[in-house]
Amino acid sequence: MKPFSAELLQTLQSVPIGGIRTRPRILLGADEATAVRERARSTPGWMDAIVRRAEDARQDPRLFGPEPEIPYLMRSPLESLAAAAFVTEDEGFAAKTLEGIETWLSFPADEWVARPHRPMYCDHALLNVAAMVGIALDLCAPLWPDGAAASVRDRLQSYAIHRFIETWRKKEVHWASPDYHENWKIMCCGEAGTAALASAESVEDLREILTACLEGVLDVLDGVPDEGDWPEGANYWIETLGHGLRFGVGLRIATEGQVNLFRHPALQVTGDYFVHV
């Protein structure tokens, strides 16, 4: 482990995790919400596009039809609804987001695992879904009925976060192994961290879980060479780095800036790699 990463992990052991008292707290902080909404309203065409995507999503039969598709394959409609609910502060979009989450939670947790990965207990697909639920929860909870957010938080803990930390402790699957340093690790750890921060009020052993998530993300970033090249190529840079970074945003908010993943040396140079490929 590189010195920066070891120091950041040590910092996480002692700093208060106070930023989890407000919402939103994942992709942006509570103090940024008004500015984001004002920008959406003032940018020509932006609000119309957000609302149009949400209107399409609320009628998507793959999520709201009689035979919904498994959650991993149906994340984009929920994302569109949650974004519209947040920006417009429309209770109808928020209610439809909650309905979509309840559809996902009507599936057994094993059905959140991608079909090709079964019978794996905890894969990146399950955690991709968990992170999307967490983001939707974070954006929409103030618009939901009393008790709805707590119910989603509690089930997210049992569906995904418990599975993540159990898998991480046992180190029996490839992505949790200390010898594995590739895309599944940053996806699984980043997405689990996002879900844990979004549902922190219901998460047991929160600091242990956040430490595991940060350790996994740092392990992958530590493998980036000094020139910033992504070892698995540009496609994996596009598809997987962001899962670690949005956890980094939420962790920075939760620790009020004291645990800042974005100071990692790899993140100072890897953007140049993508420009040149």
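The model is a predicted one, in which local features need pLDDT of at least 70 and side-chain atom pairs count only at pLDDT 80 or more, while totals for chains, interfaces and linings use all residues. Residues are numbered from 1 along each chain as its sequence is written, and side-chain values rest on heavy atoms, with hydrogens and water left out.

Searching the whole structure gives 4 aromatic pairs; rings of Phe, Tyr and Trp (its six-membered ring) pair if their centres lie within 6.5 Å, and planes under 30 degrees apart count as stacked, over 60 as edge-to-face and the rest as tilted. One of them joins Trp112 and Tyr159, whose ring centres are 4.8 Å apart with planes at 50°, so this pair is tilted. Because Trp112 belongs to the loop between helix 6 (91–105) and helix 7 (124–140) and Tyr159 to helix 8 (residues 148–170), the pair ties together parts 47 residues apart in sequence. Helices here are DSSP runs (H or I, at least four residues), numbered from the N terminus.

Phe164 and Trp175 make a stacked pair, at 5.8 Å centre to centre and 15° between the planes. Here Phe164 comes from helix 8 and Trp175 from the loop between helix 8 and helix 9 (183–198), 11 residues apart. Phe164 is buried, its relative accessible area being 0%, and Trp175 is buried with a value of 0%. Ring pairs join Phe164, Trp168 and Trp175 into a cluster.

Now to the core. The largest nonpolar core holds 96 residues, and those touching the most other members include Trp112, Trp144, Phe164 and Trp175; such a core is a set of buried Ala, Val, Leu, Ile, Met, Phe, Trp, Tyr and Cys residues joined through side-chain atoms within 4.5 Å. Helix 7 contributes the most to this core, with 11 residues.

Finally, helix 12 (residues 265–276) has Ala266, Leu267, Thr270 and Tyr273 as its buried residues. Viewed down the axis of helix 12, these fall within an arc of 105°, so they line one face of the helix; the arc is taken from the directions from the helix axis to the C-beta atoms. Helix 10 (206–222) and helix 11 (234–254) are among what covers the buried residues of helix 12, whereas the face turned away from its buried side carries the exposed Val275 and His276.

Conventions. Buried means under 20% relative accessible area, exposed over 50%, partly exposed in between (1.4 Å probe, protein chains only). Helices (H or I, at least four residues) and strands (E, at least two) are DSSP runs, numbered from the N terminus. Contact means heavy atoms within 4.5 Å.
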